[in-house]
Amino acid sequence: MVYSVSGLRLPCVPSVYRFSQSSFNGARRRNYERSFSLLLKKDQFSRKIFAKKSSYDSNSSSLTVAASEKVLISGGQSDGFSSSKDQLESPSSISDDPQVIHDVDSEEMEDNEKVEVEEQKSVPSAPANNDEAACTEEPSVPLHRKVSTEKSEAKPRSIPLPGAGQKIYEIDPTLLGFREHIDYRYARYKRMREEIDKYEGGLEVFSRGYEKLGFTRSETGITYREWAPGAKSAALIGDFNNWNPNADIMSQNEFGVWEIFLPNNADDSSPIPHGSRVKIRMETPSGIKDSIPAWIKFSVQAPGEIPYNGIYYDPPEEEKYVFEHPQPKRPKSLRIYESHIGMSSTEPIINTYANFRDDVLPRIKRLGYNAVQVMAIQEHSYYASFGYHVTNFFAPSSRFGTPDDLKSLIDRAHELGLLVLMDIVHSHASNNVLDGLNMFDGTDAHYFHSGSKGHHWLWDSHLFNYGSWEVLRFLLSNARWWLEEYKFDGFRFDGVTSMMYTHHGLQVTFTGNYNEYFGYATEVDAVVYLMLVNDMIHGLYPEAVTIGEDVSGMPTFCLPVQDGGVGFDYRLQMAIADKWIELLKKRDEDWKMRDIIHTLTNRRWLEKCVAYAESHDQALVGDKTLAFWLMDKDMYEFMAVDRPSTPLIDRGIALHKMIRLITMGLGGEGYLNFMGNEFGHPEWIDFPRGDQHLPNGSVIPGNNNSYDKCRRRFDLGDAVYLRYHGMQEFDQAMQHVEAKYGFMTSEHQYVSRKNEGDRMIVFERGNLVFVFNFHWNNSYFDYRVGCLKSGKYKIVLDSDDPLFGGFNRLDHNAEYFSTDGWYDDRPRSFLVYAPSRTAVVGSSWSPLPVDNFNDTSDDEFPGIEMERHVAEFIGLAFVPAFSGSCRDLGQSSKKCLKM
């Protein structure tokens, strides 16, 4: 696969760059013939080295603090990096009001004419994140650059000031017993906000570190800055200066920031051509080393090489991708399709952003999901790490294409009405020294804690020091970079449990005792960082979504920061998937209905959760997907519809559908599925890998670097002649039913029956009644189920429908009438037929859709017209023949659910 990057040819990575002649300061001319397999030849040249603090405009706020541990940059008049103490104490550098910025949202002009808006020197505005495409003005780009946009208007957005942080005690009075710790945590957060306001001009400015650090382009040249306090000397090297360490020597200020300014060539062209390889050479306490710049925006691995190379990525204006479509509004309920770009092809290859955009996004839309969560975006040198050992935090993975390819993918998703969530890794970083952050300045206490505290023994990775001022700048800016530059709609924060505790959740069992959350084992610096990043994201991007991967059940995790919470919108309900695996290892006779209900509903009041029956974790080699647990090797021979099935296949398909539906029905306010699992993808995920030779002489065998198990066989789910197709059809119907009725976010949720003898579960969610029969043999005629509303009920989803691979035991034309009289603590009830291993949901009224999942025309997706009127599609859920709101949530989860 080859694609171009403004002059580079990439076989998944750039390999060749060719340039015309240019001159530097009129002194000489250089010919470029660049290849990633050869070093450049370089003529002798004369060029002025800017090895002292340069003079730039000083419009921006000071980024200097009085205490050295809190200072990134100082300097005479350099880009506002003033070291003047008077400036630090001046009112302009201390914010008493919420930080207000103005974004420029584009609107369609009546005459559809596009306007060319020339950029001016000004404080950059945050990009639009909802209805219109944004135009962001950045002082670090050429002033003559023109951005194509439509008519614009300014909308103020603000990061609210810290509140009192006391509302959490009203929500959960149990927290009062731990008030000393929680108030200390909030005081630390408030003090950090105050110091950022005082020394950095506020969180809004502080989170734009990428405008000062790394490579920044101005009208007159390129400035490169790097925080490396442990380095003794530094020089910028690369293709542009033939890797000469004596050509571009950098100077260091008193706060450990190295800097150099490269003026434009005599012909006003860039001193570092787009696509050039660049590194920083440093003399460090551990020796001389060449490193990829920490804030690099693109990096590639050359064919035949192991370490990555940093790439100066700044394509010509005409080749930069321009977003065309507004970002969707945040839906009321999230239905997330978890994806990995590289393994999204049906072929055994590394797939591309472009192919995912064209082939997979329409599939996600058609299936009824409203958000796609993309894994492994941040550059990671080890493919098999699933993207979790990040080496270059600001660079999108070059395995899949270019930064502009990724922008095109996101823009297309927005056109389809899909949110794009990024799986962001701020919990740890790769051990790599040559192309990562480890030992960047020659010390182990640069971005990370030193010694064993900075090492995650299970993941073999390094742990950030969240108490470091510059680490906070780096991570906050990283989160904002992806939202602003690429228009991601939010994040799933990985490994949050590891961040919040000094034991990282290892060899610890969380029982729910509050002493486990508020004590010496809590990493307060990390919790404060999470509060800051949620503050920044929700203040500047109100429609953005943040999801935290926390298995501990930390109280206040999904409550607003203003109220004293950590600030996430959702918590991943990780215990559910573990429970299903636990049950699948048992006989059906040993399943406990109360156990299932407890796991699905065991979540904190007012804290939203994303539920899932299985994610990528369960699909990895060494584990099994639900389908593989259920059907095992029978999947290889008995999935053709024209061949006899087996009891194992029949059981597996039935339970696969029921497990997913009850997880969505009771497990949370959002739902997640890993790509391919919707149709019971066979086998596991196994990344290409060679044999691993251990120090003790033993060998861990690889898979001959095969990609065969590192792909998704979407063709299986599409094949009408295979039983996978029915499972995919059921998942699609399930998603569209939720879109229609919005049951996941309904305030009314009531479990009326969990009968161990009958193996029956009955519950209400919104205006739907769900009936599950988990019995392996017994079907029940005239089975009475309680309900709240009176009226006529009809089936809207039936897992036994032959379209879904079922046995067609239910009449979808049947009507079920309620009768008054208390049953299962419900004021009414009706009789149903409940076949074995079947789930049913029903309704005869058609409410307005909860979210607009039909943003595309019927011509583009012919099946959507049928899906738009989905009403005969659901496990077996029953809905009354009239609508009406029902609120019987109390002040705690136990009042919400009949346990």
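The model is predicted, so local features need pLDDT of at least 70 and side-chain atom pairs count only at pLDDT 80 or more, while totals for chains, interfaces and linings use all residues. Residues are numbered from 1 along each chain as its sequence is written, and side-chain values use heavy atoms, leaving out hydrogens and water.

Let us begin with the aromatic rings. Searching the whole structure gives 50 aromatic pairs. Rings of Phe, Tyr and Trp (its six-membered ring) pair if their centres lie within 6.5 Å; planes under 30 degrees apart count as stacked, over 60 as edge-to-face and the rest as tilted. The ring centres of F393 and F464 are 5.6 Å apart with planes at 75°, so this pair is edge-to-face. F393 belongs to strand 23 (residues 392–396) and F464 to the loop between strand 26 (461–462) and helix 7 (469–485), so the pair ties together parts 71 residues apart in sequence. Helices (H or I, at least four residues) and strands (E, at least two) are DSSP runs, numbered from the N terminus. F393 is buried, at a relative accessible area of 0%, and F464 is buried at 1%. Buried means under 20% relative accessible area, exposed over 50%, and partly exposed in between (1.4 Å probe, protein chains only).

Next, look at F730 and F804: their ring centres lie 5.4 Å apart and their planes stand at 75°, so this pair is edge-to-face. It links distant parts of the chain, with F730 in helix 16 (residues 724–741) and F804 in the loop between strand 38 (792–798) and strand 39 (816–817), 74 residues apart.

The charged end of R179 sits over the ring of Y169, 4.3 Å from its centre, and R826 lies over the face of Y750, 3.8 Å from the ring centre. The rule here is that NZ of Lys or CZ of Arg is within 6 Å of the ring centre and within 35 degrees of the ring normal.

Finally, turn to two helices. The axes of helix 5 (residues 353–367) and helix 6 (residues 403–415) come within 8 Å and cross at roughly 15°. Axes are lines fitted to C-alpha atoms, for helices over the stretch in contact, and angles run from 0 to 180 degrees between N-to-C directions. Helix 5 and helix 6 are therefore roughly parallel; angles under 35 degrees count as roughly parallel, over 145 as roughly antiparallel, 65 to 115 as roughly perpendicular and the rest as oblique.
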